[in-house]
Amino acid sequence: MSNPKPKFVGRSVARLEDRPLLLGQGRFAADVSFSGQWHMRVVRSPVAHGKLQGIDAAAALALPGVHAVWTHQDVAHIPPIPFRLTGLVELEPYRQPILAKDYVRYVGEPVAVVFATDPYIAEDAADLIELDIEPLAPVLAASGATGPFDAERATEPSIIRKSYGDVDAAFKAAHAVVALALSTGRHSGVPMETRGAVAHYDEARDILEMHGAAKVPWWNRDHIARMIGRTRTNMHLLEGHVGGGFGIRGEIYPEDVLVCAAALAFGKPIKWVEDRREHLIAANHSRQQQHRIRAAIDAEGRILAIDDEFFHDNGAYMRTHAATVPDLAAAMLPGPYRVPAYRVAGHIRLTNKTPCGTYRAPGRYESTFVRERLLDAVAAKVGVDGVEIRRRNLIATSEMPYDLHLETLGTHIVYDSGDYALLLDKTLACAGWPALQADLKKRRAAGEKVGAGVAMFVEKSGLGPSDTVRVEIRKDGKVEVITGVASIGQGVETAMAQIAADALGVDYTAIDVVHGRTDRIDQGAGAFASRVTVMCGEATRLASTKLRDKVLRLAAELMQTDASALDIVNGEIVSRDSTGPSMTLAELAQAPPGDLSAEDTFLSSHMVYPYGVHVAAVKIDSDTGAVAIERYVIGYDIGKAVNPRLVESQIAGGLAQGLGGALLEEFVYDDHGEPLSVTFADYLMPTSREVPDISILITEDAPSPLNPMGLKGAGEGGANPVGAAIASAIDDALQRPGAITDLPITPQRMKAICRQN
Amino acid sequence: MKPAPFVRHVPRTLQQALAMLSQLAGQDGRILAGGQSLVPIMAFRLAKPAHLIDINEVEGLDRLDSDGKALTIGARVRHAAFHGPVVDNPLAALLTYVARHIAHYPIRMRGTFCGSLAHADPASEWCLTTATLGATMIARSTRGTREIAAKDFFDGIMSTALAEDELLAEVRLPLLAADAKFGFNEFSRRAGDFAMASSLVAYRVVDSKIAEARVGVGGAEPSPRRIAEAEAALNGQPPGDAAFRAAALAASDAVDPLEDHQTNAEYRRDLVRVVVRRALEHSLQ
């Protein structure tokens, strides 16, 4: 049956989500309140490492308005937080308890919680709790010799090893070897909305609800329920508006479990809203890696093998992501290039710092920086430019699908489709590359420190294994698409409505997309790994198509005609030859049998792989060390853009975050493990003044063969290679290949590099 | 980030305000004006004043006028008051230019000139301005009125010569000569951040030579101050690259740089040289 018109997929239609947000009617975690609620305040460790000898809460408990104080012994029956992804068995002893037991391991670790009538009193009381902690020497370096982390644990719980091909033979036969030592700085996603959780127990229905969920409500429901002795059927997680996810928001943290356990224990609604200082020391950090990488090359600079060893600073515990970030860094390092032999050893290291998790393009921001620095070094070694060396090494279209012979996230990595050379050409054309080069050369000759760089990458998206969607036409003719995904601000409602609208034959504004509610659909994988548009999008199309068939069959009976003679146009069932009677979806929904719903599931065992090119042009102020970005061009092939404007927004937001990690954002610690970046005056997010205008080129040259619409995810390509592209541009500006080895490139570090000139 | 408990008092007259301050200063009472520094510090509980004396309703503290010799700036005058010219003198353009570098627009709408001085952040643009131009601070208390020269007022990081019962009621900023030139430059990692180094310069040109040079440096030491060595390098020289470079070098040699986690002494000293030279170059534009 042919698809009805008009088409919404592929058009930049306006977002359905915006009206309440623009009217100030959004409902974020802190907007949720219940009468009689208690406020929870977390008492956090003030030292990086120490033995917890005692906690004196007497003064806090004596404060009027304080209801209770919990320490570890009150929650000793609750197990540590489980792993959601890449949960290697050997990492299990490193899971985080919801309140510190015997030892504290980072500044910010929850040690106790206060419950009080209002958040002011709760904070007053928290200040009165006396912690008796015997300080111990902190572990702050993630490289170097391994040793004990504390009495029971070692600093290196595991090493991620991956390889294929004969690396040693390739290095023996190499024309030359290029070796680099590189690092990326500790930073993370910092959403506008801090975390929050409000738990409410309804005695009458025996239902425990937690508001403030995000990202993965179903998995979190199942596991919080298990931790506190409930079942998935008498517990619900509910997502409101979410002020940014970026990988860090929506995982199970100690606070989520504590509000749920307390709501049950006290029979009172429990509300916790994180403050910004807490957020910067308690929510997941990310990105801190040191790499030692070598490439074996032939005389033309073709890569024969890559050998990488890296040290991943995971902070004090293994949280829900377990080994995900180092595993992705290791698995995705080869990128768009033909690497005949590859070997990587990723050392997971514990330090007395905030624990880490995924952050937009996890592991790839790091390993793209490393790989692209390596490509630039190879170019310098053989005396060609950065574009030419990439052309020589790119995987050809004729090699697709390309089996990387590596696995990650339980999937085998096979690049499904791509024309990497074509996108490089298109992006360079968009940047006006030859003219840009000529102009930069002229300006350098006049004494300016200006330069341009290119970075390429392959992203991954559409992680399965499955997504289920139910589509219903209500009695009023409105269509409801009930999904198992989450909205962290990326435009899920709009994109899913566009897909359903085209499949059904209704206007996209007539569709309500339900997400993030465990009470509306029993299963859901959530929103992460750029999976939603691919997995939920195809499930939405399947279920909507099934429903369309059902609608036409039922309508045909009522209209005494053949289903194949009918069509749905703008919510109305009409005959294809435009004669005879018509019927609205509402009329059909009100007629017996009335059940206008359909459900379908999309299964996928492989991820899909979008790819991109970033071009940066920078100017260095060699007096101050400041780096200004003069031009930024991004080419990204995502197979099929459901809503190009939403894709551009994703890319622009990602770029801002990538830029933060390249130039500004860094969680710095002093020699005692005291965090120094605990406010927005010290942890520098890029603002509209620091983010340049960008040119975005979205291409659809390589639709995925793994789903009928050809979709690939678009969430992470804006961030992935930014550090790499800027580093390359700075090298060019200084005319010093390999000048940049470490991120972020702060003015002080840049000035020190300039002094070496 | 909820402040500790405090009592807010709202005097209507200066006499009431001073009486309250006299009574409450010993009980950890503080003046609240624009609150753009104090309130965040209270939210972090780095300051826990038991009493806040909110002077936003006090009559007469919004003075902003000139007697032909000096501009008088009252305790309630906001940064945003300087978005446009406030007096018919080159000082007006200087203040307008400097004001644009203070934090961000919403902060300038609320924060006050005198509050900035009383807070005495080393990187404050107004602290630099008053130190460079030789302002006089008018401190009032129930004990009387005290005039304090800018060079005696700043006393280290977030510390001033004000007694705990004194209110910085007004500042008198001397007008510039009609032919005065000025220049300003600061460096921060992002637009609107605290300056890692800043410089304000002012001078006259007499017989094609620099005269009455004032070179102030902020953000580099615990308090902003004039750098005599840099001024000596300018006075008597023709304005231009050679004198400017010499003055910049003299200033960077003269400072004892603050260090923090993103700025070591060597880098800060480099920045002082850059901002002084750029401020001087700005004076010719």
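I count two residues as in contact if their C-beta atoms, placed from the backbone, lie within 7 Å. The model I am reading is predicted.

**Domains of chain A.** I looked up the domain assignment first. It gives domain 1 (18-25 + 463-603), domain 2 (32-137 + 194-242 + 249-282) and domain 3 (289-462 + 607-755). I then checked where domain 2 and domain 3 of chain A meet. Here 25 residues of domain 2 touch 27 residues of domain 3. On the domain 2 side I find 13 nonpolar, 5 polar and 7 charged residues. The C-alpha centres of these two domains of chain A are 36 Å apart.

**A sheet in chain A.** Next I traced an open sheet of 5 strands. Its order is 7-15-14-13-8, with mixed pairing. Which strands stand at the edges? They are strand 7 (158-164) and strand 8 (176-184) of chain A; each has a single partner strand, so one side of each lacks a neighbour in the sheet. On average, neighbouring strands are turned by 10° against each other, direction ignored.

I followed strand 7 of chain A to its partner. It pairs with strand 15 (residues 342-349) of chain A, antiparallel, over 7 bridges. Opposite A:K162 I find A:V344, in strand 15 of chain A.

I also noted helix 9 (residues 364-382) of chain A. It lies across strand 8, strand 13 (289-297) and strand 14 (303-313) of chain A, and runs at about 145° to strand 8.

**Chain A against chain B.** Last, I looked at the contact between the chains. It takes 21 residues from chain A and 18 from chain B. Helix 10 (residues 265-282) of chain B gives the most to the chain B side, with 4 residues. That side divides into 10 nonpolar, 4 polar and 4 charged residues.

Definitions and conventions
Residues are numbered from 1 along each chain as its sequence is written. Chains are lettered from A and ligands numbered from 1 in the order in which they are written. This is a predicted model: local features need pLDDT of at least 70, side-chain atom pairs count only at pLDDT 80 or more; totals for chains, interfaces and linings use all residues. Helices (H or I, at least four residues) and strands (E, at least two) are DSSP runs, numbered from the N terminus. Ala, Val, Leu, Ile, Met, Phe, Trp, Tyr, Cys and Pro count as nonpolar, Asp, Glu, Lys and Arg as charged, and the others, Gly among them, as polar. Two strands pair if DSSP finds at least two bridges between them. Axes are lines fitted to C-alpha atoms, for helices over the stretch in contact, and angles run from 0 to 180 degrees between N-to-C directions. Domain bounds come from an automatic or database domain assignment.
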